[in-house]
Amino acid sequence: MQKSIVIAGAGIVGVSTGIWLRRISDADVTIIDRLPPGEGTSHGNAGVLASCSIAPVTAPGLIPKAPRMLLNPNFPLFMRLGYFPKLVPWLLKYLSNANDSDTRRIAKGLTTIVGDSVDQHKALAADTDARQWVQDSNYSFAYANRAAFEADAYTWALRREAGFEPEIREGETAHVFEPSLSPDVGLLATMKDHGYIRDPGGYVKALAKEFEKLGGKVRQAEINDFDLTDGKVTAVQTDQGPYLCDQAILATGVWSKPLMQKLGLTIPIEAERGYHIVFRDAEGGPSHPVMIASGKFVATPMTAGLRCAGIVEFGGLAAGPSQQPLDFLRRHAKANFPNLTYSEEVEWLGHRPAPSDSLPLIGQVGETGVFTAFGHHHIGLTGGPKTGRITAGLVAEQPVNTDISAFNPMRFS
Ligand SMILES: Cc1cc2nc3c(=O)[nH]c(=O)nc-3n(C[C@H](O)[C@H](O)[C@H](O)COP(=O)(O)OP(=O)(O)OC[C@H]3O[C@@H](n4cnc5c(N)ncnc54)[C@H](O)[C@@H]3O)c2cc1C
């Protein structure tokens, strides 16, 4: 009997899972999303395949620094004040990880998902139209000076321990290497063998077309609930009626919480809001993705222009964009790339799916036949293809040859 599988969510994670499932099994696979593919968080990210992004934000020492960060208008952390009381339970859990042993545990888990990202993207997109969007590149971190670089020493030590050794360029050599940068940048730490996606939304759409070519179906509907019989999923309920299935995969990113509640699990996951500005038809920007360390955003040369994306704001899912973070991003983009010219600006607000322990949820919910593949925080584009491959293997009951215990979706129950 051919199995029927529903994948909820057509972001990078859901579409990667669909492709791998069709490649390794003959299951009837349908991806359902309320939007066309690649229009959620996967649309607007910075596009970096950040294999070295193994360290969570919750490094030791964060707790005493956090209030100062929030009050400093020159720090890229923002809060919609009315939302603060709702944030507190998640925030306390999140900050409880800001110690050495939890940070190392999280870094080990993330390395599994992101460490070989460029190869995973190439394997996913091999022989497809999507391959054109995958670009090999360096990935640089720009600091004002050596003292600012050394203030991040803990994170760099974790990266080095995982095998990611930066090349350091200071002063004139940094500017010869990346001439677009302002003279205020005094040190560049560059990681080789990284990559980026030249249009993340276009890439996911091209991958979804490949999924359809492989026999998969893409449908547009709002998913509301699951039907379970004797504890096993039998259908996914949508506003277009039920989709019968033998197994389901929840790849609904930051919107996964209410659907997990339907399965009886409360997951501490928050929307970590982030922004981008695309400077269309840009000239005078960087030749490769550059993380501006003081602004916590990445400037990536994309097909449409220079995309500056990043910033952290807490304020939930419902509120629209705030002006302050966008002003901050615009100001710092122009200051760091003083020769930037462009035809127009396009602004975007997105929502990173942030579980309180910064690790994605990958695995089966009990014995329900519902599998989770969400919670990728800052690294969902980087880690989407590997997550999709692992999840497809789990669902198809094939060996995944990877330790996924850190991602157990039951760990909060
Ligand atoms: C500013 C910013 C910069 C970033 N930069 C990077 C970067 O450079 N590199 C990197 O690796 N990551 C980056 N990220 C993070 C990355 O974008 C996310 O982790 C990733 O896109 C999550 O992918 P996803 O497939 O899990 O979720 P999404 O892409 O959000 O997909 C989930 C889908 O589920 C659908 N959905 C949800 N609920 C329902 C429902 N009830 N019914 C129907 N459909 C539903 C949504 O419409 C959506 O399409 C960045 C994020 C932001 C905000």
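Predicted model: local features only at pLDDT ≥ 70, side-chain atom pairs only at ≥ 80, totals over all residues.

Me: Start with H1 and H10. What angle do they pack at, and how far apart are the axes?

Reply: Helix H1 (residues 12–24) and helix H10 (residues 200–213) pack at about 25°. Their axes are 9 Å apart. Angles under 35 degrees count as roughly parallel, so H1 is roughly parallel to H10.

Me: Is that crossing left-handed or right-handed?

Reply: The crossing of H1 and H10 is left-handed.

Me: Which residues meet there?

Reply: From H1, Ile12, Val15, Gly18, Ile19 and Arg22. They meet Tyr203, Val204, Leu207, Ala208, Glu210 and Phe211 of H10. By class, the contact of H1 with H10 has 8 nonpolar residues, 1 polar and 2 charged.

Me: What about Lys205, buried or exposed, or in between?

Reply: Lys205 sits in helix H10. Its relative accessibility is 33%, so Lys205 counts as partly exposed.

Me: What does Lys205 touch?

Reply: Leaving out residues up to four places away in sequence, Lys205 touches Pro36, Pro37 and Glu39.

Me: And how far is Lys205 from Ile12, in sequence and in space?

Reply: Lys205 and Ile12 are 193 residues apart in sequence. Their C-alpha atoms are 9.2 Å apart in space.

Me: Next pair: H6 and H13. What are the angle and the axis distance?

Reply: Helix H6 (residues 117–125) packs with helix H13 (residues 380–395) at an angle of about 60°, and the axes are 8 Å apart. That makes H6 oblique to H13. The crossing of H6 and H13 is left-handed.

Me: Which residues make the contact?

Reply: On the H6 side, Ser117, Gln120, His121, Ala123 and Leu124. On the H13 side, Leu381, Thr382, Pro385, Lys386 and Arg389. The contact of H6 with H13 has 4 nonpolar, 4 polar and 2 charged residues.

Me: Where is His377?

Reply: His377 is in the loop between strand S19 (370–374) and H13. At 9% relative accessibility, His377 counts as buried.

Me: Asp281 came up in my backbone check too. What is its phi, and where does it lie?

Reply: Asp281 is not a glycine either, and its phi is positive, about 50°. Asp281 lies in the loop between strand S13 (269–280) and strand S14 (290–292).

Me: Asp281: buried or exposed?

Reply: With 53% relative accessibility, Asp281 counts as exposed.

Me: Back to helices. Which residues of H8 are buried?

Reply: In helix H8 (residues 153–161) the buried residues are Thr155, Trp156, Leu158 and Arg159. Viewed down the axis of H8, they fall within an arc of 155°, so they line one face of the helix.

Me: What do they pack against?

Reply: The buried residues of H8 pack against helix H5 (100–114), strand S5 (134–143), helix H7 (146–151) and strand S7 (187–197).

Me: How do H5 and H8 cross?

Reply: The axes of H5 and H8 come within 11 Å and cross at roughly 45°. That makes H5 oblique to H8. The crossing of H5 and H8 is right-handed.

Me: And the residues in that contact? Which ones meet?

Reply: Asp100, Thr103, Arg104 and Ala107 of H5 meet Tyr154, Leu158 and Glu161 of H8. The contact of H5 with H8 divides into 3 nonpolar, 1 polar and 3 charged residues. Leu158 is also one of the buried residues of H8.

Me: What follows H8?

Reply: Gly163 follows H8, and the phi of Gly163 is positive, near 95°.

Me: Last one, H3. Which residues are buried, and which are exposed on the other side?

Reply: Leu62, Ala66 and Met69 are the buried residues of helix H3 (residues 62–71). Down the axis of H3, its buried residues fall within an arc of 75°, so they line one face of the helix. Pro64, Arg68 and Leu71 are exposed on the other side of H3.

Me: Why would residues three or four places apart point the same way?

Reply: An α-helix has 3.6 residues a turn, so residues at that spacing, three or four places apart, point the same way.

Me: What covers the buried residues of H3?

Reply: The cover includes strand S4 (77–79) and helix H4 (84–95).

Note on methods:
Residues numbered from 1 in each chain as written. Heavy atoms only, no water. Axes fitted to C-alpha atoms, helices over the stretch in contact; angles between N-to-C directions. Helix = DSSP H or I, 4+ residues; strand = E, 2+ residues; numbered from the N terminus. Parallel < 35°, antiparallel > 145°, perpendicular 65-115°, else oblique. Left-handed = near helix turned anticlockwise from the far one by under 90°. Contact = heavy atoms within 4.5 Å. Nonpolar A, V, L, I, M, F, W, Y, C, P; charged D, E, K, R; others polar. Buried < 20%, exposed > 50% of the residue type's maximum accessible area, 1.4 Å probe, protein only. Arc of directions from axis to C-beta.
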